[in-house]
Amino acid sequence: MAVLAPNCRVLHRELFHREQSVHPLSGRCASAAVNAGAVVLALGSRTCEKRSRVAVKLGASRQDMSSRPMSVPMETITVVEELDQILEQAHELSQVIIVDWMAAWCRKCIYLKPKLEKLAAEYDPRVRFYLVDVNKVSQELVKRGNITKMPTIQLWKDKEWKDEVVGGHKAWQVIDEVREMIKKHI
């Protein structure tokens with residue numbers, strides 16, 4: 001349960017009037033703990049409002065969290081040999097590899113990265129996600145991926161390139177296309 005209130009007094013009223021063991025206070029927010037530290041309110045109206053909203057969100061998310069992470073950071077590939085080694089390991093484990101070919105100057109690439117990390121959490125450990133910054137690696141590696149535009153998201157399976165999405169459009173569309181590509185090859 002997440003609770004958001006327009007100010008700390010509304011939050012105070014909603015939370016403390018529900019609890020039998022905590023008595024409502026008059027006017028100002030005071031320090032209090034509810035549900036084993038799920039809500040922490042501080043003195044002062046401005047800090048109370050900000051901290052209480054964050055604390056309520058954090059407390060609610062702790063209760064609802066499963067054992068799966070929200071995102072999985074993508075590992076970086078820097079040389080051709082590293083790509084070959086990753087493909088060999090994936091072949092042995094029958095895994096699918098997603099490689100995000102991006103550039104640090106590319107706005108869409110930067111915006112897409114956290115969304116791909118969230119997608120990586122959905123498919124972990126069946127699909128491994130990697131990142132290549134084309135400006136920081138040799139041209140040999142870029143040629144190996146046959147990269148001409150950024151961002152390019154490729155799917156590799158059985159040591160071979162199988163499919164790709166060239167993302168120059170909206171991030172949610174790219175993620176949907178990557179998701180479909182993964183479903184097709186798993």
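Guide: What follows goes from the strands to the helices and then to the salt bridges. The model is predicted.

Start with the sheet. It is open and has five strands, in the order β3-β5-β4-β6-β7. The pairing is mixed. Two strands form the edges: β3, residues 75-76, and β7, residues 160-166. Each of these pairs on one side only.

Now look at the β7 end. Strand β6 covers residues 152-157 and runs antiparallel to β7. Six bridges join β6 and β7. Here Lys157 sits opposite Glu160 of β7.

Next, the helices. Helix α3, residues 80-93, packs on the sheet. It touches β3, β4 (96-102), β5 (127-133) and β6. The direction of α3 makes about 155 degrees with that of β4. Helix α6, residues 171-185, also packs on the sheet. Its contacts are with β4, β5, β6 and β7. The direction of α6 makes about 160 degrees with that of β7.

Then the charges. Side chains of opposite charge can pair when their charged atoms come close. The structure has eight salt bridges. One of them joins Arg128 and Glu75, with the closest N and O atoms 2.3 Å apart. Arg128 belongs to strand β5 and Glu75 to strand β3, so this pair ties together parts 53 residues apart in sequence. Arg128 is partly exposed, at 27% relative accessible area. Glu75 is partly exposed too, at 39%.

Helix α3 takes part in two further pairs. In one, Asp84 meets Arg144 in a salt bridge, 2.3 Å from N to O. Asp84 lies in α3 and Arg144 in helix α5 (residues 139-144), 60 residues apart. Both are partly exposed: Arg144 has a relative accessibility of 33%, and Asp84 has 34%.

In the other, Glu88 of α3 pairs with Lys159. Their closest N and O atoms are 2.6 Å apart. Lys159 is partly exposed at 38% relative accessibility. Glu88 is partly exposed at 30%.

Glu122, Asp176 and Arg179 are linked in a network of salt bridges.

Notes
Residues numbered from 1 in each chain as written. Predicted model: local features only at pLDDT ≥ 70, side-chain atom pairs only at ≥ 80, totals over all residues. Heavy atoms only, no water. Pairing = 2+ DSSP bridges. Helix = DSSP H or I, 4+ residues; strand = E, 2+ residues; numbered from the N terminus. Contact = heavy atoms within 4.5 Å. Axes fitted to C-alpha atoms, helices over the stretch in contact; angles between N-to-C directions. Salt bridge = Lys/Arg side-chain N within 4 Å of Asp/Glu carboxyl O. Buried < 20%, exposed > 50% of the residue type's maximum accessible area, 1.4 Å probe, protein only.
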